[in-house]
Amino acid sequence: MKAHTVKAYNLIFPVYMIMLLSPVLWVFMIIGNFLVDSLVLLATIAILGSINSLRIWKSSIFRIVCFGFLSDLAGSLLNAILAFTVLSDFYVGMTPYSWPGCALLALPAILTAAILIYILNSRFAFRKTGLSLTIRRKLALSLAVLTAPWVMMIPLDAWNAFFQLFGFR
């Protein structure tokens, strides 16, 4: 029986795994996530109306950002596990995440992150805000859909071209 081996150079991690390599990227990702989460939260509160947006934002934004990061990392971890185990035969002899079909390979990770964002935010981030369960769920659903790591659907070739514009190689 032939031994099955997986060569690591055939695998490329999703973009969210790159942030582990550079502390500078951490700063930009935290600031970016904070701004996006704040914008989504405040816009959703404005759409729902008659809620004290500043009080809700102050009491929940830190937890929302933390839960978003944890959820995105969990999705990236799932993506890496799938790449090294279940989908490793698919990747042999090619560069994954470099073709448009990679979007389908990223969907399980994105869905996992979105579900975790919804659960963590609805159960924990808004718990001390005094909001009704319905409002908490609406806010959590908005954050889950709009802040899921959709960038995982962008092929790495597109990211490489983007970074080359700024002199990174």
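1. In this predicted model, helix α2 crosses helix α6 with a right-handed sense. Helix α2 covers residues 23-48 and helix α6 residues 133-147. Their axes lie 10 Å apart and pack at an angle of about 140°, which makes α2 oblique to α6. The boundary matters for this label, because an angle counts as roughly antiparallel when over 145 degrees.

2. On the α2 side, the contact with α6 uses Val36, Asp37, Val40, Leu41, Thr44, Ile45 and Leu48. These meet Ile135, Lys138, Leu139, Ser142, Leu143, Leu146 and Thr147 of α6. By class, the residues of this contact are nine nonpolar, three polar and two charged.

3. Helix α2 also packs on helix α3. The two axes come within 9 Å and cross at roughly 130°, and α2 and α3 are therefore oblique to each other. The crossing of α2 and α3 is right-handed.

4. From α2, the contact with α3 draws on Trp26, Met29, Ile30, Asn33, Phe34, Asp37, Ser38, Leu41, Leu42 and Ile45. From α3 come Ser53, Ile56, Trp57, Ser60, Ile61, Ile64, Val65, Phe69 and Asp72. The residues of this contact comprise 13 nonpolar, four polar and two charged. Asp37, Leu41 and Ile45 are among the α2 residues listed here and also among those that meet α6.

5. Helix α3 runs over residues 53-84 and has 32 residues. At 1.5 Å a residue it should span 46 Å, and the 44 Å between its end C-alpha atoms agrees with that.

How values were computed: Residues are numbered from 1 along each chain as its sequence is written. This is a predicted model: local features need pLDDT of at least 70, side-chain atom pairs count only at pLDDT 80 or more; totals for chains, interfaces and linings use all residues. Side-chain values use heavy atoms; hydrogens and water are left out. Axes are lines fitted to C-alpha atoms, for helices over the stretch in contact, and angles run from 0 to 180 degrees between N-to-C directions. Helices (H or I, at least four residues) and strands (E, at least two) are DSSP runs, numbered from the N terminus. Angles under 35 degrees count as roughly parallel, over 145 as roughly antiparallel, 65 to 115 as roughly perpendicular and the rest as oblique. A crossing is left-handed if the near helix is turned anticlockwise from the far one by less than a right angle, and right-handed if clockwise. Contact means heavy atoms within 4.5 Å. Ala, Val, Leu, Ile, Met, Phe, Trp, Tyr, Cys and Pro count as nonpolar, Asp, Glu, Lys and Arg as charged, and the others, Gly among them, as polar. The expected span of a helix is 1.5 Å times one less than its number of residues.
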